[in-house]
Amino acid sequence: MQKVTLGQRFRYWFDGVMAKGTIALIGLLALATVVFIALVALVVQLLHLFPTGGNPDFWEVLWGNLMRTLDSGTMGGDEGSGFRIAMLVVTIGGVILVASLIGIISSAFDSKVEDLRKGRSKVLESDHTLILGWSSKVFPIVTEICIANESRRRPTIVILADRDKVQMEDELHAQLPKRGKTRIVVRSGNPMNLAELELVSPHAARSIVILAPEDTPDPDSVVIRTALALTNNPHRKEGSYHIVGEIHDPGNLEAARLVGRDEAHWVLAGELISRITVQSCRQSGLSVVYTELLDFGGDEIYFTVEPALVGETYFGVQLAYADCAVIGMVKGGAVVLNPAAEVLYEEGDQLILIAEDDSAIKLGTPGVPDPDAISFAEVPAPKPEHTLVLGYNSGLHTMLRELSEYVAPGSTVLVVADVDLPPLQKLPNLEIRSHRGDSTSRAVLESLSVEEFDHIIVLAYKEHLDVHRADAKTLITLLHLRDMADRAEVDFAVVSEMLDDANRELAEVTKADDFIVSDKLISLMLSQTSENKKLTDVFNTLFSSEGSEIYLRPASSYVRPGVTADFYTVLEAARRRGETAIGYRIAEHARNSEEAYGVRVNPSKAESRSFAPHDKIIVLAEG
């Protein structure tokens, strides 16, 4: 075995000290300084290199050496050639040592600034909203939460993502110049790493939103592993977390539920978009209603307890609020939308209602419906519907299954896409046909006789093209459809799927009836659920074909044409049909985005108006 030399041991020790960081380097430099000035002082004493007329002791020389080390101008008054040479050595050594000290401190400062730039410092926040991961959905989510935080004291949003901190902050500043009173803190790190997760104080967060990455073929695995890092964290808090996350593949939902248990609430992104698209294509204006309920800018859904109404019937509770629309109750922990009018509101129950703000939830003087204004006209019986689907993505299969739950027997669907379609499942009530063609081609569209279809759905090629190219194809298709409608002087019921919300303004020039912006709707759902986890059950009911859903039905079936009536009367007309009225749509504003396409959710019940033949009443109803 080769013998280790003393020099090798010294170098090994020196390397170890250098690796310990700034404090160790400063300590080593201080030691070198002491040894250096002590050696020079000892030489001065031994060789009697004293200044002219002086005979200082060792400690005086040592102190003088230290002063010359720190200030090179000190040696200007020295006398005696020997003493001057010794002090010159001290001064030169001092310049080198002080320069080294300044370099070490500067390097440490730069390193600290770089660490701060990288977002590696711990966040000392509590009761904050924590967003784990980064995608285009982060911008609408932060926007909505900022609006929801207006009534909170010192609200904070913390974001942890495996990206550059400065880049994330720059994007947030560019996309969200107005944040209200909400402070946004960004940290760089991997949410699946337990050590880096601790940087953002997840155990003190009010709610946690997990976003699926957009640059990976299996985003669900990242979401599930992030949830696992929270729920199985050895440092986790004793209480339950409030976790909200998005899942793309329904096949991964069971695994996500096993990881999240009752602490996590999952939004099935693809199925949600498919269900809303199907429901909206059959009812023009419905997507505007959903957007109104999902964002924090207008009216949204709240839960409240009102002891003064205990013992009152569901319909009596509806009449008791002048500026809120009651849509259901929470009984025994279960959400019940549109219960029977005679169901009692009991002790321990909660009311589910639509209000402009929680401060607007106030009882009013119950109104009196006008029975003479109520119409007894029957709602038209369902007829076979004919739907044209232009484009293709994996959500088509869910859309077809959902559509078969709503339409009458004998309905048809024609799918036209310029890609090879996989086999389409045979479904009840629907005859499904497919045709190869490019929907951006005017000749192809004119050959389809689009005016003969009741509904048209334009899907984005999100699995085949990037976001901008997919939206470009959608926009071109919509422009052709609108021009064809204008030339034929007919209205097409068109629902389109936009991947990027920035393209909404471009799409509005086509005057399409509804727009489904995928990322924005998912973002709104995640934002709402992060603020109130009880909303999960409400949305699951609204967006499902089972239970009560939102319908837009002819106003003439509720209020006699030409008769002026208030909304208390509309509530009574809906009650007689086993429904809950929550608003209306005015046909003359159906193409005006500034008027929300004619949709008015939660109108003042005291407001009186007469409804035109094509106006609609928005109701919660079964089937």
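**A few notes on this predicted model**

1. Tyr 290 and Phe 543 are both buried. Please keep in mind, as you read on, that this is a predicted model. The two rings have their centres 4.8 Å apart, and because their planes stand at 80 degrees, the pair counts as edge-to-face. This pair joins distant parts of the chain, 253 residues apart: Tyr 290 belongs to helix 11 (residues 286-294), while Phe 543 is in the loop between helix 18 (535-542) and strand 17.

2. Phe 543 has another aromatic partner, Phe 539. Phe 539 is buried, as is Phe 543. Together, Tyr 290, Phe 539 and Phe 543 make up one aromatic cluster. The count for the model is 5 aromatic pairs.

3. Which residues have the most contacts inside the largest nonpolar core? They are Ile 301 and Ile 550, in a core of 127 residues. Leaving aside residues up to four places away in sequence, Ile 301 touches Leu 293, Ile 327, Ile 352, Leu 353, Ile 354, Leu 535, Val 538, Phe 539 and Leu 542. Phe 539, then, is a contact of Ile 301 as well as a member of the aromatic cluster. As background, nonpolar side chains in soluble globular proteins tend to be buried together.

4. For a closer look at one pairing, take strand 17 and strand 22 (residues 616-622): they are joined in the antiparallel sense over 7 bridges. One place to check this is Pro 554, whose bridge partner in strand 22 is Lys 616.

5. Finally, two arginines are placed over aromatic rings. The charged end of Arg 577 sits over the ring of Tyr 558, 5.2 Å from the ring centre. Arg 609 lies over the face of Phe 611, with 5.9 Å to the ring centre.

How values were computed. Residues are numbered from 1 along each chain as its sequence is written. This is a predicted model: local features need pLDDT of at least 70, side-chain atom pairs count only at pLDDT 80 or more; totals for chains, interfaces and linings use all residues. Side-chain values use heavy atoms; hydrogens and water are left out. Two strands pair if DSSP finds at least two bridges between them. Helices (H or I, at least four residues) and strands (E, at least two) are DSSP runs, numbered from the N terminus. Rings of Phe, Tyr and Trp (its six-membered ring) pair if their centres lie within 6.5 Å; planes under 30 degrees apart count as stacked, over 60 as edge-to-face and the rest as tilted. Buried means under 20% relative accessible area, exposed over 50%, partly exposed in between (1.4 Å probe, protein chains only). A charge sits over a ring if NZ of Lys or CZ of Arg is within 6 Å of the ring centre and within 35 degrees of the ring normal. A nonpolar core is a set of buried Ala, Val, Leu, Ile, Met, Phe, Trp, Tyr and Cys residues joined through side-chain atoms within 4.5 Å. Contact means heavy atoms within 4.5 Å.
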